[in-house]
Amino acid sequence: MNDFQAIKRMLLPLLKGLPIILICLFVALSIAYRSVLYTNPIYESTVKIKLDDINHGVSSSALYADFDVFANTNKIAAEVEVLKSKALIEKAIKGLDFDVTYYRVGKIRTKELYHEKPFYVQYEIKNDKIYNQLIHLNITSEQSFVISYLWNNEMKKFTGSFGASVESSEFNLTIQKNDLLRLRKGKVDLIDQYQFRINSVFFVVNTIIGGNLTVMSIDDDVAVLSVTYKSEVADKSSIFAN
């Protein structure tokens, strides 16, 4: 009987506080759900590169063996720095369409588009200051849209139509429908709010790529490098890493 009373005294505070515990649990789950809902996922792709035989050469001979203790490590480290170099990244992006970044603006979050973009932008830059600036695109119908962007603390707006040039003192833009996407998916919801950014090479190399690229050696004694790139778009992460 005494044991029962002791257990009862231990459980009574828990039972009294159970509603508070359940409320806290519900709040925590709600916060976690909204965090997942509002946060864009990050995709990561990793490729491995096998280097040439770095032991091959004069330094690998028995005569120089005692003087070549750190040669392998140094050569692998040098290859890591080469792969992370801005010059090599710049060469890589020349073959990729990373010059314009596209976004669909939703009520909950803004999502980056890549191959799924319903339109694409052709541009001629007149003022370099327009680079790396978000430009808003409100597609109002299947034929027309409104472009707006902040310039010298004033909002500039232009009305345009697909396939026709929109001219301003900063750029000439032509926005085309992505017919390949329409052929692949059939019906595409075009009327919506979008943003796009025309990226400078410096911005792509240092921000879009540089901040998300990791190059490291698997092991100091193994001539294999790991190249990892992170992006909000799965296709972008795999394409650039490869």
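Let us start with two helices, H3 and H5, which are roughly perpendicular to each other (angles of 65 to 115 degrees count as such, under 35 as roughly parallel, over 145 as roughly antiparallel, and the rest as oblique). This is a predicted model, in which local features need pLDDT of at least 70 and side-chain atom pairs count only at pLDDT 80 or more, while totals for chains, interfaces and linings use all residues. Residues are numbered from 1 along each chain as its sequence is written, and side-chain values use heavy atoms, with hydrogens and water left out.

Two packed helices are described by the angle between their axes and the distance between the axes. Here H3 covers residues 86-93 and H5 covers residues 201-209; the angle is about 105° and the axes lie 10 Å apart. The axes are lines fitted to C-alpha atoms, for helices over the stretch in contact, and angles run from 0 to 180 degrees between N-to-C directions. Helices (H or I, at least four residues) and strands (E, at least two) are DSSP runs, numbered from the N terminus.

Which residues of H3 meet H5? On the H3 side they are Lys-86, Ile-89, Glu-90 and Ile-93, and their counterparts in H5 are Val-201, Val-204, Val-205, Asn-206 and Ile-209. By type, the residues of this contact divide into 6 nonpolar, 1 polar and 2 charged (nonpolar: Ala, Val, Leu, Ile, Met, Phe, Trp, Tyr, Cys and Pro; charged: Asp, Glu, Lys and Arg; polar: the others, Gly among them).

Staying with H5, its buried residues are Phe-203, Val-204, Val-205, Ile-208 and Ile-209, where buried means under 20% relative accessible area, exposed over 50%, and partly exposed in between (1.4 Å probe, protein chains only). These buried residues pack against H3, strand E2 (100-105), E10, strand E11 (213-219), strand E12 (222-231) and helix H6 (234-241), contact being heavy atoms within 4.5 Å.

Is Ser-200 buried or exposed? Its relative accessibility is 15%, so Ser-200 counts as buried. Apart from neighbours within four places in sequence, Ser-200 is in contact with Tyr-131 and Asn-132.

With a relative accessible area of 30%, Asn-132 is partly exposed. Asn-153 also has a positive phi, of about 65°, although it is not a glycine. Its place is the loop between strand E6 (144-151) and strand E7 (154-161), and at a relative accessible area of 76% Asn-153 is exposed.

Strand E4 leads us to an open sheet of 3 strands, ordered E4-E9-E8 with antiparallel pairing. E4 (119-125) and E8 (165-167) stand at the edges with a single partner strand each, so one side of each has no neighbour in the sheet. From one strand to the next, the twist averages 20°. E4 pairs with E9 (residues 171-177) in the antiparallel sense over 7 bridges (two strands pair if DSSP finds at least two bridges between them). Glu-124 has Asn-172 in E9 as its bridge partner.

Finally, the whole protein: 6 helices and 12 strands, with 31% of its 242 residues counted as buried. Among contacts with a separation of 6 or more, 63% join residues 24 or more positions apart.
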